[in-house]
Amino acid sequence: MFLSGVLSALLLPSVFAQAPGSESLAFFESKVRPVLAEHCYSCHSAKAKTPFAGLNVDSRGGLLRGGDRGPAVVPGKPDDSLLIQALRHRVVQMPPGRKLDEAQVAALEAWVRMGAPWPEEKAMEAGPVKADPVAGARHWAWQPLRVATGRSIDAFVAEGLARQGLKASPEADKRTLLRRLSYDLTGMPPTYEEIEAFVADKDPQAWEKAVDRLLASPHFGERWARYWLDLARYSDAGFNNVRFPYAFAYRDWLIAAFNQDMPYNLFVERQLAADHRKETEHLAALGLLSLGQNPPRATLIPDKVDDRIDVVSRTFLGLTVACARCHDHKYDPIPTRDYYSLYGVFVNSQEPELPAVVDSSATPLDGFYLPRLEQRMAAIRAYKQRRTEEIRAELRQPEMLKKYLRATFDTRTFTAPQADSLAKERTLNTYVLKRWRAFLVTEDGRQFVAEATRDLDAALEAWAQRAPKEPTEIPYEDFGMVLTEGDGNTVNNLRWAWDRIYADYAFRTGAKRAMAVTDAPQLEQAHVFVRGNMNDVGDPVPRRFVSLLSKAGGEFRQGSGRLELAQAIVDKSNPMTARVWANRVWQHLFGEGLVRTPSDFGIRGEAPSHPELLDELAQSLLADGWSTKKLVRRIVLSKTYRQTSGEQPAARLQDPENRLLWRMNRRRLDFDAVRDTLLAASGQLKREVGGPSFSLNAVPAEPRRTLYAYAERERAQMLLKSFDYADPEQHTPQRHLTTVPQQALFFLNSAFLGEQARHLSRRADLRGGRYDEAGIGRLYRYVLGRVPTAREVEVGLAFLKDRDANSAPPEGEAQRAAWYYGYGTLDADAGKVTRFVPFRFFNDDRWQAASLLPDREAGSASLTAGGGTPGDDSKRAVIRRWLAPLAGKVEVKGKLSQGFGPYEQRFHLSNGIRGWVVSSRQGVLGKWVIDPITKTEKFTPNETATVETNLEIEVQAGEFLDFVVDSRDDYESDEFNWAPQISLNGQAWDARKDFAGPRQRPLTPWQEYAQVLLLTNEAVFVD
């Protein structure tokens, strides 16, 4: 029962299999083809007159055949693929001019690792293929909703079963039903007391009462917000792992929306256009758009817009519109023009420079943070303005003018991609060359061409003296199009410094602001990018809804068009939105949707198992005012939902995937529910709703719901990846649960499980470590919500007796530690530390006050083996405390140092630090000040300021020596190194070598027994 139960639970074959090809092809269309189209097609495609090096990259066959150097792609082996090596700049440097972004290279590596999936090779080699309009018009998903019949869910299911000669399974027992309902509606198990009360309730309405109670729970919003966050590719951090300051405000908004049963049509509208609706209190809803990709350069805006188009179309409409970025959709009637109509909406939707204010009330930290934020933003503006002027001047130099004039003349008959390729070859800026090419259509431009045709060199010389200024008058707003790599690094680093301060402010003050979007001040006309290449601009397109679902006309005219887009999505004449959401609700309650490709209702998606039922549910959603809770209630009150998950051998043979719903699907808990269950069983779970994120890596564990765990887009935690968590890089319609050894290793060996086992054993133990039948009974009630059988008690007692007999004797009291780590208040005038607060958490390599910094009180204060970071001021100084075990002469050796990188030096990001040695008996024994290194002319290499901190003093036993570092009232960029060494009467202590995290003691037999119960099949399956 015990470890064998654990392993069998973890090693059962997954009942969920990845739909072959669907997600990988979507990945190709959204992440791979646009990169190839923009950077490679101009030289390596059928469109090029003579493909360079004989290589075509616009078909899978072309990549596999390769060119002069051999095959460009080896499916499944990115390291052996010449394409990847070239993009890494190892064999040749492609594309010429500059290396692709790491994220782009990583996407192509992932694609090759997948086996280089590519839609229908013949269609691709023949060029763009339009979807069959006749087949598209007949496709079920785009038909109007069937008229509501009023029939019950059970009637539809029974009809389908009867056609196959099958019958439904009997109703599950009440204990199983309440457990299933609790997990589905709140993500947490019912308590033993709740189960017993429900079992004892003989009221015919007992089930309805249980449903209504759980729908009203504040934890309903938490569970359903987590489902939505998977769709919204939620992350707490964006590019370069820099935090979004108010990401958690979007998560909190979702929780509140589901708890309040916000009508789904408003739920959609607010996530797309809360600013257009003038709803300040709902601005956080715009996190759906603002918390996606945030690339660091303006040239990557098409990827950012593509990310938004993908998440909106797949989430709300079940349409893979992003597949039409480079060509008309291969299967669905979605032309490229539709894609760029939506592109026009989202390219004109920008994040404001500052997060939007939701609550303008002041906080005690405003005076500390707001001036710093304004200083950093002023530095960014000043730098961009100065560099814009310098770049304008550089472009007006005669030699530079000649280069651009020559390129302008040479490209006078070129297409945009060809001009882009020439610009890269000559290391010219494509955007500037585009401005010069626009000059050709003017009267002066035609005159220049005429003169250059007669004598190019003479024309270049003459026009370098009198060329018009317009092409070089770069607008400040377009600085991102002309900046150098160094400029980009500088602006990004300054912005990230600002982001870090703002994130600290947000974490410590709460959701006062929101990551919103707003319309661009000047709307940009959208054009088709031919084959997805932003430098090959095609026909203009209006901002409008996808033509497949549009009414006649329908051009958006209100700003960016986001509100009109939202209204079109939720218009009752559009059957997709209600169908898609009804299917998602069903999926979360049954494990599989009626449509098993929940974000692809197109021709390549799966057809619904019960199309009439799906439409009935969609109609009921509309009839109930778009109420999600009423739809959930309708489904869970059905007999279909209340079936047992037991087997019917005959039905299994005929319908092995249970598409006809002859039983309830047996489901394993996802990682959120597993972790929350363990915390609930151990009695540690904090049930407060909302707030900033926490770290899963910290020890001891932060006992908050897993929903609030910190997620990074570019550095996914291995623990989450091991348990099939949603990938923050992309829209995740369904988690496909796998079974891998890392899962079993986590359950058996992690500090988190050991910690919960200790808490659980203490919770169940009323006799001070002496286990008995009553204690085993309490464990069962806490973990499994029931009393054990006589056989289970017998086996449990035998296990404990055997472990007692074979366990090592308990360890004695550990010697009291010499080092303590914390923060506190240094009173310099009094010469003493007046407050010392031990750090509670150890995360990765440091002790700190919160599982995820900054702590609301201590700020960024933390200590590592070799140094640390101080908090805001002398009231939050970091303190490494050493306790003298005996009296004698102490010799202290050490070096206090602080590093200053080029940005810290040039932009004065740090004001230095102070170090102190303070005795609890003698007061201040030493003080050292490190002033910042500042150099404003040029970027310089990293430099380090260092001071010796050597002392010789007499101490008494029990005396503390505190090694204190404070920030001089500005903590930014104050990471320091200081690892003192201490000798006393022949004994030695070394701060670096002695540094350690919390000690993990072996489990006692009673704690081992508690852990075993936490890992049984019964605990990790829904029923």
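These are my notebook entries on a few things I looked up in this predicted model.

**Entry 1: the cavities**

Searching the whole structure turned up 9 cavities of 30 Å³ or more. I then turned to the largest cavity, whose volume is about 410 Å³. Its lining is made up of 22 residues. If you want to find the spot, look for Arg 223, Tyr 227, His 588, Gly 591 and Asp 670, which lie nearest the centre of this cavity.

Which elements give two or more residues to the lining? I noted helix 9 (174–186), helix 12 (218–231) and helix 27 (575–590). Helix 12 gives the most, with 5 residues. I also sorted the lining of the largest cavity by class and got 8 nonpolar, 5 polar and 9 charged residues.

Next I followed strand 7 (residues 819–827). Of its 9 residues, 7 are buried, so strand 7 is largely enclosed by the rest of the structure. I found two partners for it.

With strand 13 (residues 877–883), strand 7 runs antiparallel, and 6 bridges join the two. Here Tyr 820 stands opposite Arg 881 of strand 13.

With strand 8 (residues 832–838), the pairing is again antiparallel, over 6 bridges. Asp 827 faces Lys 832 of strand 8 in this pair. Strands 7 and 8 form a hairpin with 4 residues between the strands.

I then traced an open sheet of 7 strands, in the order 9-10-11-12-21-15-18, with antiparallel pairing. Which strands stand at its edges? They are strand 9 (841–843) and strand 18 (943–948); each has a single partner strand, so one side of each has no neighbour in the sheet.

Inside that order I picked out strand 12 (residues 867–869) and strand 21 (residues 976–977), an antiparallel pair over 2 bridges. Gly 868 has Phe 976 of strand 21 as its bridge partner.

A reminder to myself: strands of a sheet pair through backbone hydrogen bonds, in either the parallel or the antiparallel sense.

Another open sheet has 4 strands, ordered 19-14-22-23, and its pairing is antiparallel. Strand 19 (951–955) and strand 23 (987–990) are the edge strands, each pairing on one side only. From one strand to the next, the twist averages 20 degrees.

I looked at strand 14 (residues 888–893) and strand 22 (residues 981–984), which pair in the antiparallel sense over 4 bridges. Val 892 stands opposite Ile 982 of strand 22.

**Entry 2: helix 39**

Is helix 39 (residues 1005–1014) mostly covered or mostly open? I found it mostly covered, with 10 of its 10 residues buried. Among them are Pro 1005, Trp 1006, Tyr 1009 and Leu 1014. Glu 1008 also belongs to the buried residues, as do Gln 1007 and Gln 1011.

**Entry 3: cysteines**

Last, I looked for disulfides and counted 0 in the structure. Cys 323 is in no disulfide, and the nearest cysteine sulfur, that of Cys 326, is 9.9 Å away. A disulfide needs the two sulfur atoms within 2.5 Å. Cys 326 is likewise in no disulfide. I checked the accessibility of both: Cys 323 is buried, with a relative accessible area of 12%, and Cys 326 is buried too, at 9%.

Note on methods. Residues numbered from 1 in each chain as written. Predicted model: local features only at pLDDT ≥ 70, side-chain atom pairs only at ≥ 80, totals over all residues. Heavy atoms only, no water. Buried < 20%, exposed > 50% of the residue type's maximum accessible area, 1.4 Å probe, protein only. Pairing = 2+ DSSP bridges. 1 Å grid on protein atoms, 1.4 Å probe; cavity = no way out; pocket = protein on both sides within 12 Å on 5 of 7 lines; lining within 4 Å. Points joined across faces, edges and corners; volume = space filled by probe spheres on them. Nonpolar A, V, L, I, M, F, W, Y, C, P; charged D, E, K, R; others polar. Axes fitted to C-alpha atoms, helices over the stretch in contact; angles between N-to-C directions.
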